[in-house]
Amino acid sequence: MNTAPASPSSTPSAAAPAAASGGASPGWLAAGLLPLSAVVGAAVGEGVAWAAGVPQRGAGALAGACAAALVAPLAAALAWRLLPRPAAAAAAAPAVDVGATRDQLTGAFTQRHFVAAADREWARIRRHGEDAALLMVDADQFRELNDKHGQACGDAVLVEITRQVSATLRQYDLMARFGGGVLVVYLPHTDPIGALDVAERVRERVASFRLNWEGQSVGCTVSIGVASIGPDHATLDAVIGDAGAALREAKAAGRNCVRAAPVQPKRAPAAGGPSFGGHRAAGKA
């Protein structure tokens, strides 16, 4: 779920040409082809009559009429099958605006798509009482890196950071870019210890990579805030807020480190109901 970057695509509508044509039908196609088939048939009929020595001069007209009757409907049916059908094509393969779900630079999901998908997951984990966590990953001193090496270098570094994060995640984890150098990761089926483990592995991977940019070795570190979803989190925004607060603590601690929001205690299960939080540690699947 965190991979498969895609480029935005545009699908221009084919409805305008169809409307301008006024709509095609086999009837007028047959009428349009009728004179052509009659002329060809007459010419062939006259030629055959002349070669056979038939004196009747009406052979051409008779052959033309027969050709028109036979050829025009067949040609019209063939032309009708070859006509484009924009409405049917659109119904069979609806256009998907990939740019609405993927960040154009990094290929990560957009914030809007992330929130919609995480909201659906939110309802599920609240219903079943499962563990989940959120990581907020921010490139350290990203503005200074852009100022020193240029925006193109900063973009290349951010793409590489995204790759390093993605390589640490499982297929069903969800990663999105929230703007600038910030990535947010949703980790389903992940307890607080597992979330810290994932965050630390992400931090180590990013810190170890170097980008060769115009003969220079450029590197970047990340600070990460971790928030485990608990019973007192009423909304997804509350979890994002906790992850952001933990991220600020990581920045204040000197950057290139991981900090976690306080873990909420699990509530005792109600009679016949699930407890909040199934213990599953995260890891690369």
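## Strands 2 and 7

Strand 2 (residues 132–139) pairs with strand 7 (residues 222–228) in the antiparallel sense, over seven bridges. Two strands are taken to pair if DSSP finds at least two bridges between them. Strands (E, at least two residues) and helices (H or I, at least four) are DSSP runs, numbered from the N terminus. Within this pairing, V137 has I224 of strand 7 as its bridge partner.

This is a predicted model, in which local features need pLDDT of at least 70 and side-chain atom pairs count only at pLDDT 80 or more, while totals for chains, interfaces and linings use all residues. Residues are numbered from 1 along each chain as its sequence is written, and side-chain values use heavy atoms, with hydrogens and water left out.

Six strands make up an open sheet with mixed pairing, in the order 1-3-4-2-7-8. Strand 1 (109–110) and strand 8 (258–260) are at the edges with a single partner strand each, so one side of each has no neighbour in the sheet. Strands of a sheet pair through backbone hydrogen bonds, either parallel or antiparallel.

Strand 7 and strand 8 run parallel and are joined by three bridges. Here I224 has V258 of strand 8 as its bridge partner. I224 is also the bridge partner of V137.

## Burial of strand 7

Seven of the seven residues of strand 7 are buried, so the strand is largely enclosed by the rest of the structure. Buried means under 20% relative accessible area, exposed means over 50%, and partly exposed lies in between (1.4 Å probe, protein chains only). In a regular strand the side chains alternate between the two faces of the sheet.

## V184 in strand 4

V184 belongs to strand 4 (residues 182–188). Its relative accessibility is 0%, so V184 counts as buried. Apart from neighbours within four places in sequence, V184 is in contact (heavy atoms within 4.5 Å) with F114, L134, L135, M136, L174, M175, A176 and F178. V184 and L135 are 49 residues apart along the chain, and their C-alpha atoms are separated by 5.6 Å.

## Helices 6 and 7

Helix 6 (residues 142–149) packs against helix 7 (residues 151–168) at an angle of about 135 degrees, and their axes are 6 Å apart. Axes are lines fitted to C-alpha atoms, for helices over the stretch in contact, and angles run from 0 to 180 degrees between N-to-C directions. The two helices are therefore oblique to each other; angles under 35 degrees count as roughly parallel, over 145 as roughly antiparallel, 65 to 115 as roughly perpendicular and the rest as oblique.

Helix 6 contributes F142, L145, N146 and H149 to the contact, and helix 7 contributes Q151, C153, G154, D155, V157 and L158. These residues divide into five nonpolar, four polar and one charged. Nonpolar covers Ala, Val, Leu, Ile, Met, Phe, Trp, Tyr, Cys and Pro, charged covers Asp, Glu, Lys and Arg, and the others, Gly among them, are polar.

## Buried polar side chains in loops

H233 lies in the loop between strand 7 and helix 9 (236–252) and is buried at 3% relative accessibility. The side chain of H233 makes a polar contact with the side chain of Q264 (3.3 Å). A polar contact is a pair of N or O atoms within 3.5 Å; within protein, one must be able to donate a hydrogen and the other to accept it, and residues adjacent in sequence count only if both atoms are side-chain atoms. A polar atom of the H233 side chain also lies 2.9 Å from the backbone nitrogen of G230. Beyond four places in sequence, the residues in contact with H233 include W122, R126, S228 and D242.

D173 is in the loop between helix 7 and strand 3 (174–177), and it is buried at 2% relative accessibility. A polar atom of the D173 side chain lies 2.8 Å from the backbone nitrogen of R170.

## Positive phi

Q141, in the loop between strand 2 and helix 6, has a positive phi near 50 degrees and is not a glycine. Q141 is partly exposed, at 46% relative accessible area. E214 is in the loop between strand 5 (211–213) and strand 6 (216–218), also has a positive phi, of about 50 degrees, and counts as exposed at 68%.

## The chain as a whole

The chain has nine helices and eight strands. Of its 285 residues, 38% count as buried.
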